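User: I am new to this structure and would like to learn how to read its features one at a time. Could you take me through a few of them?

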Amino acid sequence: MQRESLHFDIVIVGAGPAGLACAIRLSQLAKTTGRELSIGILEKGATVGAHILSGAVLDPIALNELLPEWQQLDAPLYTPATDDHFLLLTAKNSWRLPTPPLMKNHGNYVISLDKLCRWLGAQAENLGVQIFPGFPATEILYTDTGAVCGVRTGDKGIDNAGQPTDLYQPGIDLYAKQTVFAEGCRGSLTKTLLQRFNLTKNVQAQTYGIGVKELWEVAPNHHQPGKVMHTIGWPLDTKTYGGSFLYHLENHLVAVGFVVGLDYSNPFLDPYEELQRFKTHPAIRDTFENAKRIAYGARALNEGGWQSIPKLSFPGGLLIGDSAGFLNVPRIKGIHTSMKSGMIAAEAIFTHIDDPPNGELSEYPTQLKQSWIARELYAARNIRPAFRWGLWPGLAYAALDTYVLHGKAPWTLQHPKPDYLCLKPATVCTPIQYPKHDGVLTFDKLTSVFLSNTLHNENQPCHLQLKDPELAIAVNFKIYASPESRYCPAAVYEILDVDTKPRLQINFANCIHCKTCDIKDPRQNINWVPPEGGDGPNYTEM
């Protein structure tokens with residue numbers, strides 16, 4: 001098959017904060033030296049920002065370094081964080097706790113990350129960067145010696161039987177001297193790179209969380225611009241890691257979300273439903289009185305921290321941002337570290353831009369380890385794994401590590417096993433009875449998916465691939481009571497009774513691309529790959 005091909009100096013996979021920061025920094029370096037660089041960014045979403053979701057409270061340190069004139073350029077940082085609240089919840093009561101130093105937000109901004117990415121995308125294009133929305137990278141291209149030399153975009157116009165239709169368009173091959181992978185958490189191509197180049201050798205298993213978020217327009221008397229609230233405790237039990245956030249933005253908007261660590265053990269837990277019942281707490285529900293819910297989404301988060309960061313360079317390419325896992329869990333922030341990783345990668349690439357193509361830039365991880373990213377993540381490395389012991393031991397250790405040891409403990413705690421190995425059989429766990437939805441404060445999943453503006457062409461191959469379809473019943477249903485029907489926040493997985501036998505139905509058109517199923521499936525039987533370009537959620541303000 002004859003495919004179109006394009007040649008660039010640098011190809012970046014993903015137009016999130018890391019990928020855009022990398023492109024902008026490369027363009028700045030080229031401009032200061034009077035040379036031209038061809039930079040292409042592939043983005044699987046229909047537009048830049050369409051698949052972007054975060055809390056989010058932004059530490060502007062990386063933005064200050066990248067674009068110090070951001071205020072004059074009207075960056076969408078409109079709401080300075082003004083007030084921190086940290087609450088411990090029980091079923092009916094709440095106690096305000098001292099805000100830990102790492103969670104204080106003076107000097108930060110409550111933002112919409114998809115707005116920031118759209119703005120960063122415009123800055124990149126103004127510098128000559130070519131961005132291709134609606135073109136997911138689905139395959140890595142290699143040289144004869146095994147080095148990465150680019151990527152291939154997905155074919156379009158393939159029907160659900162795998163056959164070309166009248167609308168068939170073959171994918172395009174994009175070749176580059178260096179290919180930068182900024183796919184975000186659990187990137188489909190990043191997974192193959194980790195295996196091919198053994199990038200996780202000598203590091204601990206990555207651990208993850210799922211964040212479920214809603215955006216509300218609230219009544220003026222319940223709106224406090226810049227207020228930042230986090231909670232721990234109820235509705236989770238003390239053995240399950242997680243908590244909530246409420247962030248007050250501009251224009252009477254409040255972002256509310258709930259994060260659950262994917263190392264939970266009870267297969268009956270439903271992260272989406274934990275958010276729904278969280279909103280009913282007496283200390284929370286008044287915020288949403290006479291309010292309107294306007295958006296919904298979910299995404300997975302890398303929570304492994306310093307000890308789970310893989311090798312970042314390999315022949316012909318680099319990992320940046322959430323593809324590598326730079327989230328600072330106790331700070332609940334990763335945008336600034338992702339952006340900085342992209343900037344450091346850009347500087348390493350530019351230094352060696354005239355070297356033979358597709359070499360390994362080992363200078364990038366070396367420079368990153370000398371940056372403030374490394375200092376920040378190393379100091380925070382023991383907080384998340386301590387919560388494997390439970391809420392109270394975790395809080396006690398966090399206090400010790402923060403106030404006494406100041407992040408300089410002479411040990412590094414481990415993540416004992418991958419999240420998918422943490423589920424217990426359903427027979428030894430207690431089912432969780434979630435309250436019925438009232439359609440005013442709490443809602444069912446399908447109603448929520450509608451607010452994510454998710455759209456998929458249903459006449460295409462299912463992008464949620466079962467490696468062994470029989471395991472869906474023999475293992476997931478019979479041993480774990482089909483946990484995918486609960487941990488998926490979009491009602492993608494459904495058990496049907498067909499001729500008195502259970503059958504798994506995959507409603508892939510509902511998928512909001514959070515990738516939780518790829519992470520949590522107990523036999524790693526679900527493989528998430530990109531659907532046709534531009535499909536999926538179309539987030540706004542998220």
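Analyst: Let us begin with the residue classes: Ala, Val, Leu, Ile, Met, Phe, Trp, Tyr, Cys and Pro count as nonpolar, Asp, Glu, Lys and Arg count as charged, and the others, Gly among them, count as polar. Please keep in mind that this is a predicted model.

User: By class, how many nonpolar, polar and charged residues does the lining of the second largest pocket have?

Analyst: The general idea is that rolling a probe the size of a water molecule over the atoms shows where empty space is left. In this structure the second largest pocket has a volume of about 760 Å³, and its lining has 13 nonpolar, 14 polar and 6 charged residues. The second largest pocket is lined by 33 residues, and those nearest its centre are Arg 186, Lys 191, Leu 194, Tyr 208 and Gln 524.

User: Which element gives the most to the lining of the second largest pocket?

Analyst: That is α4, with 7 residues, while α4 (188-196), α14 (516-520) and β24 (526-528) each supply at least two residues of this lining.

User: How do the axes of helix α1 and helix α3 cross?

Analyst: The axes of helix α1 (residues 17-33) and helix α3 (residues 113-126) come within 9 Å and cross at roughly 20°. Angles under 35 degrees count as roughly parallel, so α1 and α3 are roughly parallel to each other. Their crossing is left-handed. In the contact, Pro 17, Leu 20 and Ile 24 of α1 meet residues of α3 including Leu 113, Cys 117 and Leu 120, and the contact residues divide into 7 nonpolar, 2 polar and no charged.

User: At what angle do helix α6 and helix α8 pack?

Analyst: Helix α6 (residues 335-351) and helix α8 (residues 372-379) pack at an angle of about 145°, with their axes 10 Å apart. Here Trp 372, Ile 373 and Glu 376 in α8 meet residues of α6, among them His 336, Lys 340 and Ile 344, and the residues of this contact divide into 3 nonpolar, 3 polar and 2 charged.

How values were computed. Residues are numbered from 1 along each chain as its sequence is written. This is a predicted model: local features need pLDDT of at least 70, side-chain atom pairs count only at pLDDT 80 or more; totals for chains, interfaces and linings use all residues. Side-chain values use heavy atoms; hydrogens and water are left out. Axes are lines fitted to C-alpha atoms, for helices over the stretch in contact, and angles run from 0 to 180 degrees between N-to-C directions. Helices (H or I, at least four residues) and strands (E, at least two) are DSSP runs, numbered from the N terminus. Contact means heavy atoms within 4.5 Å. Angles under 35 degrees count as roughly parallel, over 145 as roughly antiparallel, 65 to 115 as roughly perpendicular and the rest as oblique. A crossing is left-handed if the near helix is turned anticlockwise from the far one by less than a right angle, and right-handed if clockwise. On a 1 Å grid over the protein atoms alone, a cavity is a set of points where a 1.4 Å probe fits but cannot get out, and a pocket is an open set with protein on both sides within 12 Å along at least five of seven lines; lining residues have an atom within 4 Å of a point. Grid points are joined across faces, edges and corners, and a volume is the space filled by probe spheres set on the points.
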